[in-house]
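Subject: Model for your files

Hello,

Here is the structure I said I would pass on. My notes on it follow below.

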Amino acid sequence: MPEYLQLYIFDTDNELENRKRAFTQGSSSLAIPDSIIVQLIEMMDKHNHLAKTFRHALFLSDLQAGHSFSTVEVRLLRSWDARNLRRGGERMSVEMLLLDSQATMVPASVNVNCLAAHQTNLEAGTVYSLTGFEVTRCNQDYRLSDSSLLIRFTDSTTFEKITDPAVPIPLESFRFRNYSEMLRLANSNNQLPDLIGKITSVKSTITDPPLDKNRVSATIKMDNDTSVTLTLFDAQAVKIHNQLAQMAVDPRICVATSVYPRMVGGRLFFNGTAGTHIHFDEETIAGESLFSSGLLEQDTGLAPVGRLLRSFAKVETLSIAELNDFVLNASSQNIDFICTGKVTGIKLDKGWCYVSCAKCFKKLHRSVSSLTCLSCNKTDAVGILRYRVEMSIADETGEGLFGAFDGVMVKLHNMRAHEAVNLLPGNDVNPEESDAPQFVLDMEGNTYTFQVKVGPYNFTANNHSFTIARILCEGDPEPQLAFVDDGAADDNGDDNNDV
């Protein structure tokens, strides 16, 4: 092994002439055919590891803002379309994450105007030689990597596949964060980290055929055994739903890239983004390591993912009579159904609203001078007025009692409960003891298609009212459903049967 290396830097665009000149300096008149010199150069580049290293010595960490004529060897980790939702999902660009031999990860973007030259050449996992590109600062919000730079392809960019990189490039790279770090990132709009953990439950609202809005949610147990909820939407949800439905063995490990962390009601949730890719079990080195760690041998007491997915796989349509029969004859479970019926009455025995705890959504108990939350054990709880409307709904087969809570009512009427109080007649009215606003009463006689959330509460002897998870009026876009998968209350209060 050499102890010292001496590096000469030449104009490589005129490399052949530069090397010929070296043979003709001084008194030497040695003449060597150009073809031999070219073959020698190619041989050194191909077989000498030092020559390969020096010729491709530029790394992603060396990049500076501006146009770069240098060559860098990178692995394309993953790519996805960036679309303009305000223009009907119009495609704007293809976004990528690139990785070099130093494990530096940098985002890259190919504008739609440059896609024709590169689109068929983009293959995840492949190594490329990248030359002639622009380097700019990336958006500091929703960052996909730790780098502050972004590579933009131009008309002069070359992106060529190579099979023998000068220096080996890692096969994968992730930005996993532990639970405490995820908490600090939640709702900050700063980073889109990667998530890894054990799958303990899966819930899908994919209909057959899929509607405009679809969701798949999975409960993931992170490194400290804390459970979080990962939710995918629309096309991503349908893709993962179909993938899970076709798997012969339940997946146990999930790796999700570029997810958005958020805190809702004291719980940590993750939403999928355009850059989110899902990998199961041993599809990644990181997943394989956790899969084979032995931690999965512990019995969680939960049903296998595949069985859970199948029980929630399709939101089936039932008549109201079939729904009533289901809770009488089936075993206790969590499941959703689609029903259509006419509102035959608004039930005001329990009022149309209630004052809930701002933290847990449970009904607060009044004293002379304060509001008490028994669930949070607080005697000075902050109260929020929320909807709770019970109504009888019937179809040609039967009738049932249904409850619509805050999330559903706000989306249906575009008015929050505390705003609706202003529509009540009189001054200093206690809304919990007043008649319902007219727009609530006007629901009677209307026919709705709605999604019903059935849970263990519905299988008890005296509780056969059903929670409406969403209402879809004819011609309206389908409302988004918010839920979690481990029996906890979701963030819109629609699971609150203790009011």
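In helix H9 (residues 320–329), the buried residues are Ile 320, Leu 323, Phe 326 and Val 327; buried means under 20% relative accessible area, exposed over 50%, and partly exposed in between (1.4 Å probe, protein chains only). These residues lie on the same side of H9, because they cover an arc of only 115 degrees around the axis, the arc being that of the directions from the helix axis to the C-beta atoms. Leu 328 and Asn 329 are exposed on the face of H9 turned away from its buried side. Helices (H or I, at least four residues) and strands (E, at least two) are DSSP runs, numbered from the N terminus.

This is a predicted model: local features need pLDDT of at least 70, side-chain atom pairs count only at pLDDT 80 or more, and totals for chains, interfaces and linings use all residues. Residues are numbered from 1 along each chain as its sequence is written, and side-chain values use heavy atoms, with hydrogens and water left out.

A barrel is closed by five strands in the order E1-E2-E3-E5-E4, with mixed pairing; two strands pair if DSSP finds at least two bridges between them. From one strand to the next the twist averages 55 degrees, with axes as lines fitted to C-alpha atoms and angles running from 0 to 180 degrees between N-to-C directions. Strands E4 (residues 127–137) and E5 (residues 149–161) run antiparallel and are joined by nine bridges. Ser 129 has Glu 160 in E5 as its bridge partner.

Ile 36 is found in helix H2 (residues 34–47) and is partly exposed, at a relative accessible area of 39%.

Regards
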